[in-house]
Amino acid sequence: MRDDRPMSTTPVTDAPTHLGAGLKPRHITMISIAGVIGAGLFVGSANAIEKAGPAVLISYLLAGTLVILVMRMLGEMATANPDTGSFSVYSTRALGRWAGFSVGWLYWWFWVLVIPVEATAAAAILTNLVGGPQWVWALAVTLLLTVTNLVSVGNYGEFEFWFALIKVVAIVAFIVVGVLAIVGVFPGSEVSGVKNLWQPDGFMPNGFGAVITGLLVTMFSFMGTEIVTIAAAESPNPKAGITKAVNSVIWRISIFYIGSIFVVVSLLPYNRLQDGSYQSVLEAIGIPQSGRIMDVVILTAVASCLNSSLYTASRMLFSLGDRGDAPRVVRSLTSKGVPWVAVLLSMVIGFLAVVGNYVLPDKIFGYLLATSGAVALFVYLAIACSQLRLGRTLRATGERPPVRMWLFPYLTSAVIVFIVAVLVLMAFDKGQQQAIGFSVISAVVIIALGVWRQRTAEPAPAQKESHV
């Protein structure tokens, strides 16, 4: 039997027993878009372009294809049974409690560590724009977004709606201006045409190995696409929201990533991106105040990511508590159905890491970040393995959810092989060895705890029912 409840429940008390359902369709739409657009696109893409040259387009194409397929698999499971625990819950049902426990805690840890990264980035931009100590801005931004998350899920959705809208407008404007520059509309501009796709050293100046290195760099900029399957569970019609998000992921990645990066590598040589890819292009075109414009856009992207980090970490922690894999107190809800303990706990730990970023030596904080460096791939692998098993069960029952994985089980199996191959490549890439090494250590520790938990604990609530 399927469980079509939009939300997990807590034991009956006088307090609310369900998470809120205050996210509107427009919120879900924009959250799905915002999940694809991070600060890494505006700034971090320059690093990938420097490594791979114009052939970074292949890197983005490969990474984007992987994300599209993973979202298709996740969409099938999520539309069959929406749940705020998303892939962590599906891992429990498909692979065992240890898997759901491990993926859930690793994912929570990933987003908790994103909080200090984004808070520090926001503080640096605000200090540059306004002045004042960075730690004050980091604290102010973190507290502001914590309060918005605590008030109601609708507040989170509203903030994310406007953050996403600004990012979408910025990227579309950048692509339009870039295309106009390519066709020579700006006569006084330093750049035009697409000759930089093969100049100065050819389309693939550093060989195909650099394309793979670029793939490893770009892949993690897509992390967050899956948030919509968590957020949709707090909307009146989860299946419709997830279906729309999954079906639109192809054009979103094509326009926002492939389209904008094409403009960058067409207009500028790959070795001339000094201030971030977008800003370098705008300055070369001659757009006035390019630096200030990009500061505002990047600040919006950073705030959006921080907002989503708090939201996503708290919901995954709530789901873990609801299944008996985290302390029961994290299931505490406000009158509007917000898991306030989970929000505050995620914020406190995240902000302690913010403090650590300023106080601890750089290497120590770098090691801390490295423990979550490959979590995106671990999550994708868990999604694929879960769908491989649950997909067979789903097809055996004859049910047809709104989203279906293409060419099952062959394409699912190919994705699993591809992810494993990427993990192996990371182990041999000097630039990625620290990330994969520390990530594997953290994963082994959490999996060991998950196996112990499965052997010693009572069956989790989610395991007492039969689910597709």
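In these legends, contact means heavy atoms within 4.5 Å, and helices (H or I, at least four residues) are DSSP runs numbered from the N terminus. This is a predicted model, where local features need pLDDT of at least 70, side-chain atom pairs count only at pLDDT 80 or more, and totals for chains, interfaces and linings use all residues. Residues are numbered from 1 along each chain as its sequence is written, and side-chain values use heavy atoms, with hydrogens and water left out.

**View 1. Helices α7 and α10 cross in a left-handed way.**
Here α7 (residues 153-182) packs against α10 (residues 238-267) at an angle of about 35°, with the axes 10 Å apart. Axes are lines fitted to C-alpha atoms, for helices over the stretch in contact, and angles run from 0 to 180 degrees between N-to-C directions. A crossing is left-handed if the near helix is turned anticlockwise from the far one by less than a right angle, and right-handed if clockwise. Which residues of α7 meet α10? Look for Val 168, Ile 171, Phe 174, Ile 175, Gly 178, Ala 181 and Ile 182. On the α10 side, the partners include Ile 255, Phe 256, Gly 259 and Leu 267. Sorted by class, this contact has 12 nonpolar residues, 4 polar and no charged. For that count, Ala, Val, Leu, Ile, Met, Phe, Trp, Tyr, Cys and Pro are nonpolar, Asp, Glu, Lys and Arg are charged, and the others, Gly among them, are polar.

**View 2. Helix α5 passes α17 in a right-handed crossing.**
The angle between α5 and α17 (residues 433-456) is about 140°, and their axes lie 8 Å apart. That is why α5 and α17 count as oblique to each other; angles under 35 degrees are roughly parallel, over 145 roughly antiparallel, 65 to 115 roughly perpendicular and the rest oblique. From α5, Arg 97, Trp 98, Phe 101, Ser 102, Trp 105 and Leu 106 take part. Their partners in α17 include Ile 446, Ile 447 and Arg 453. This contact has 9 nonpolar, 4 polar and 2 charged residues.

**View 3. The largest nonpolar core has 140 residues.**
A nonpolar core is a set of buried Ala, Val, Leu, Ile, Met, Phe, Trp, Tyr and Cys residues joined through side-chain atoms within 4.5 Å. Buried means under 20% relative accessible area, exposed over 50%, and partly exposed in between (1.4 Å probe, protein chains only). Phe 42, Tyr 107, Trp 111 and Tyr 380 touch the most other members. Helix α5 (residues 97-129) gives the largest share, 16 residues. Leaving aside neighbours within four places in sequence, Tyr 380 has contacts that include Leu 66, Phe 222 and Ile 419.

**View 4. Ser 86 and Leu 407 each have a positive phi without being glycine.**
For Ser 86, in helix α4 (residues 86-95), phi is about 45°. Is Ser 86 buried or exposed? Ser 86 is buried, at a relative accessible area of 0%. Leu 407 has a phi of about 50° and sits in the loop between α15 and α16. At 64% relative accessibility, Leu 407 is exposed.

Pro 409 is in the loop between α15 (375-397) and α16 (410-428).

Terms used:
Helices (H or I, at least four residues) and strands (E, at least two) are DSSP runs, numbered from the N terminus.
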